[in-house]
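Q: I have a protein model open and would like to learn how to read it. Could you take me through it step by step?

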Amino acid sequence: MRGYIIKRILQTLPTLFGVTLLTFFLFSVVGGSPAALVLGKNASAEALAEYDHQFGYDRPLIVQYLSYLGDLCRGDFGESIEYKIPVWSVLRDGVGVSLSLTVPILILGTVLALSIGLLCAAHAGKRFDRWMLGGTTVLMSVNYVIWVTAGQYFLAYRLALFPLWGFANWTYLLLPVLIGVVSGLGPDARFYRTVVLDEMRKPYVRTAIAKGLSPTRILFLHILKNSLVPVVTNVSLAVPFLFTGSILLESFFGIPGLGGIGLNAVNASDFPTLRAVVVLGAVLYQISNLLADLICAWIDPQIRLVER
């Protein structure tokens, strides 16, 4: 197991190197001159040259990249152009806010979708299953922006059930969490229903029924346990979203999380902050994939981690 973990960690290094290389040159070449974007078109040549020299943009790109890569290895993301403070301080301020929004969405959404998937599979073809399939289809058909605007207008503005804008306390997260859960419920519930149905058709389920085990025991102690591998895989894909946040939700509700920080970095041409958000997302994605593989191997003993 230790050798497998080391091997997987080493396999992530080329991917992370490619992400840093691509994002650096993309923002440096395609993004245009940071000095002109920040100081404006009417800035003098002397001001532009001074700005480039101050932030090192007058050096060759390869030298800039090697310097940037060395700083990343030391945990230094550079200085934010917009806030004039270290980028890590900017990200640190938004991590807690994003987690307070996205963790409840992930937990509640997963539990609710998995429960619906189990119930639909247990009553496959019956009235409950048909109603749930119709409901999840409707949920999948509604655009994410529609959920946000409708929730704000009807639940926050017209009925005044929730705060509309800002982040004064935890109550300001109730409506964004509700919208996040509802908007993702449709595809997740149908996916878990399919996973459970595939597991229910396997021979060991028929054997358990023949032995006289109760349907509830078979569903929760056998089928659910053996269905956890695709569930864990599906959840692991959402882990980077926990830290980078939901850009739309944070923007529409005025929540100062990492999603809003990334959007502000785009508008302000704050390339160091934007690069840090992209690299952080890539690192978290690689870590979540590794953890998902290890958890799946622990859940299902038939999975063998073979070192080659």
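A: Let's begin with contacts: two residues are in contact when they have heavy atoms within 4.5 Å. In this protein, among contacts between residues at least 6 apart in sequence, 73% join residues at least 24 apart. Please keep in mind that this is a predicted model, where local features need pLDDT of at least 70, side-chain atom pairs count only at pLDDT 80 or more, and totals for chains, interfaces and linings use all residues. Residues are numbered from 1 along each chain as its sequence is written, and side-chain values use heavy atoms, with hydrogens and water left out.

Q: How many helices and strands does the protein have?
A: Helices (H or I, at least four residues) and strands (E, at least two) are DSSP runs, numbered from the N terminus. Here you will find 15 helices and 0 strands. The C-alpha trace spans about 85 × 60 × 30 Å along its principal axes.

Q: What percentage of the residues is buried?
A: A residue is buried under 20% relative accessible area, exposed over 50%, and partly exposed in between (1.4 Å probe, protein chains only). Of the 308 residues in the protein, 37% are buried. Take T110 in helix α5 (residues 87–122): this residue counts as buried because its relative accessibility is 18%. Leaving aside neighbours within four places in sequence, T110 touches I105, Y192 and V235.

Q: Which residues should I look at in the loop between α7 and α8?
A: One of them is A160, which has a positive phi of about 55° although it is not a glycine. A160 is exposed, because its relative accessible area is 57%. W165 also lies in the loop between α7 (144–158) and α8 (174–200), and at 56% relative accessibility W165 counts as exposed.

Q: How many salt bridges does the structure hold?
A: Side chains of opposite charge can pair when their charged atoms come close. A salt bridge is a side-chain nitrogen of Lys or Arg within 4 Å of a carboxyl oxygen of Asp or Glu. There are 4 salt bridges in this structure. In one of them D129 pairs with R193, with the closest N and O atoms 2.9 Å apart. D129 lies in helix α6 (residues 127–141) and R193 in helix α8, so the pair ties together parts that are 64 residues apart in sequence. Both D129 and R193 are buried.
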